[in-house]
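Hi,

Here is the structure I promised to pass on. Have a look at it first, and then read my notes below.

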Amino acid sequence: MISHRMSFEQVCHLQPGDALLEIEGQLSATGAVTSAPVVTIDETTSERCVTFEALMQRSTEELPEQVDYRLCEWAIAYGPRLFCPPAEPTAPSPPSVPAEPPRPTLGELDIPSNLDALFLLGELLATLNHSECLAWPGFYGDVVLHPRTGKWVVVNAGGLAFGSFTSTQAAAQFDDFTGDSLRAVLAGYARKARQVLEPVYPSFVDTLLAELLPTPVPQAPQLRPFFFDLPRVLQAYGTSLELVGSTRQLGWVAPAPPPNPPTDKELLLACVTVFVARLNLTEWLTHVAACEPTRELTQILGALARGDLFEPTWGGFIPKLLGHYRPQRALRLRVLTNLKMGDGLLLLIANLYDVPHRLAELVDKHAVFAFLRRTLAETVVISADTPAERLAQHQLVLGSLIDALDDLALLADAQGQTHSSLIFAQASLLALQQLPPLQEPTQAEEWLARLQAQQWRYSWYHQPEEGVPLPTNVVWQYAAYAGSLRLAVLPFCQQAGEWYAQGSVTNQLWTMAWWVLDQLRQGERLAYAWSQAQLEADDQLASVELTLYNLLTHHQKALRDLVAMLQRSGQPGRRLSAWATLGVSTGAAWDSTLMRHLVEEQERLVVAYDALATHGYGSQVHASLGQLVTELAT
């Protein structure tokens, strides 16, 4: 059986060695492609044409012959009828060997929902171990669960020992737990330990789990792997990140060929990162073109930077006669010929330069991510054929951008430029917001674990010392960052809630909901501390009011998200979450449930929100923020 006739696009994507079948009337020829198709533009008709060579054996000839094919897009129906030849019959496959059952997983979504609070206790243990602090057996009586923050608090440090430790010593910390309780604590410990301990102690988690759990030992979710090393690309081209005040730019050394040139895809990913980070993309393209003047990709990038893709400033017959369109047509042809270069990312860069001033307008209007969202879908279609391949390619590109933007945030943080570091970190969160829905619960936990691990490395991410004032731009940029964090994490929590409702997982992502709340609360504490020190000048009040308005709005929505999780956990046939049953705690004298705390917090937020909407930023807002911060401290 012969497959459908090839379209023009399919012919353009043929590769040397691909089998080919030509049918003309009663005659046929079979063979293979010997040269890659070359796409050109007919200057008379402005249509695309493709030419390639193939070695064909015709039914009327004894010997094969080399055939030059030329097909035009609009007239392909009248050209040679080309097909993919029928596949050769395959031998019957050998009997399948039964596959080993998959290893059980040990993530937050795998533990019983009535033990979800123990997951955070495991995270506390890993954090203590990161500080070279080991908990002795019996420590469970030395910690209490704070019902407002969702954090375990050490109330007696007598059961802690300081110093280095081994996995065997770490295993002794879990002697108080057995069965499902042990698995719940270990799940939290494993995820946090992968973030903060394994960079120093490789394979620490797997060794610990093997000591404590019977076979088959469950697999704790890994961190999503790094996809892209931006500093290596910058170093290859002698480029550095220069930060002076509020100015963020790239610095250059004299152009020189890199000893180990990045691949086309790595170079194009760096180009997209420079654009998304709102650095000077045109200067970057010009620099890499000067470093590698003979490379096809860098020649194209240099031509884009020069504006060769722009239409002439005046049209008509005379500029066409004078050849003003030739550079534009030549560059467009090179872009089309190399459309798959870097898995389609070349198209994204070219679209930034096909109209004068488009790049500057996108940057000035803060529309870079809207542009990225539109064009990334086109590049994924070019680089992948099936929906699964497109999803994987989408994840790879966005993951690479996230890694690169986090690297820029780390570079800024290392220079003591907290404001710039926060801007790059927020851009990373904006890229994460564009991630398509993930299909597997373990995959979702891996992406979130990578996010937490990368945030952990920032010095500003850890709460500042009490009484240390922060600059105005840092305070309000942190507030904006906290809001973006909620929007980045929200789809993961919603997807986990759907899985939980369907019964495909046994728990929800409580740690992420608490994490988001913690960052929003921290933003409000910083805003209140700043307002105690000074009130901003009138020319900046509008910006302050808008940022605070967004922060309070995100906080209210985050509380509603948490309440929705509590309600979801009470579905029939489900084990009620520990958070839903949290009430009086012996030794802590708490007389209110988590729900009551959330309601009180919501009431304080509404007061602050109404004061801001009615009076603007001023003494009333300052007072209501003080009441909110005081409420959060209890």
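Before the notes, one cut-off: I call a residue buried under 20% relative accessible area, exposed over 50% and partly exposed in between, with a 1.4 Å probe and protein chains only. Please keep in mind that this is a predicted model, where local features need pLDDT of at least 70 and side-chain atom pairs count only at pLDDT 80 or more, while totals for chains, interfaces and linings use all residues. Residues are numbered from 1 along each chain as its sequence is written, and side-chain values use heavy atoms, with hydrogens and water left out.

The overall picture

The chain has 22 helices and twelve strands; these are DSSP runs numbered from the N terminus, with helices being H or I of at least four residues and strands E of at least two. If you take contacts (heavy atoms within 4.5 Å) with a separation of 6 or more, 72% are between residues 24 or more positions apart.

The cores

By nonpolar core I mean a set of buried Ala, Val, Leu, Ile, Met, Phe, Trp, Tyr and Cys residues joined through side-chain atoms within 4.5 Å. The largest one has 172 residues, and Tyr189, Leu281, Trp284, Leu301 and Ile349 have the most contacts inside it. Helix α18 (residues 472-502) gives the most to this core, namely 15 residues. Another core, of 16 residues, lies apart from it, and includes Leu14, Leu20, Val67 and Tyr69. Back to Leu281: setting aside neighbours within four places in sequence, Leu281 touches Cys271, Val274, Phe275, Leu352, Tyr353 and Leu359.

The charged pairs

Side chains of opposite charge can pair when their charged atoms come close. Counting a salt bridge as a side-chain nitrogen of Lys or Arg within 4 Å of a carboxyl oxygen of Asp or Glu, I get 20 of them.

Helix α4 (residues 179-196) supplies an arginine to two of these. Arg191 meets Glu123 at 3.4 Å, N to O. That pair links distant parts of the chain, with Glu123 in helix α2 (residues 116-130), 68 residues apart from Arg191 in α4. Arg191 counts as buried because its relative accessibility is 2%, and Glu123 is buried too, at 11%.

Arg194 pairs with Asp206 at 3.1 Å, N to O. Here the partners are twelve residues apart, Arg194 in α4 and Asp206 in helix α5 (residues 204-212). Arg194 is buried at 4%, whereas Asp206 is partly exposed at 33%.

Asp308 and Arg306 also form a salt bridge, at 3.1 Å, N to O. Asp308 is partly exposed at 23%, and Arg306 is exposed at 59%. There is also a network, in which salt bridges that share partners join Arg148, Arg521, Arg596, Glu600, Glu601, Arg604 and Glu631.

The strands

Strands pair if DSSP finds at least two bridges between them. Strand β3 (residues 38-41) runs antiparallel to strand β4 (residues 48-58), with four bridges joining them; Thr40 stands opposite Cys49 in β4. On to the next pairing: β4 and strand β5 (residues 65-72) are antiparallel and joined by eight bridges. Phe52 has Tyr69 in β5 as its bridge partner, and Tyr69 belongs to the 16-residue core mentioned above.

Cheers
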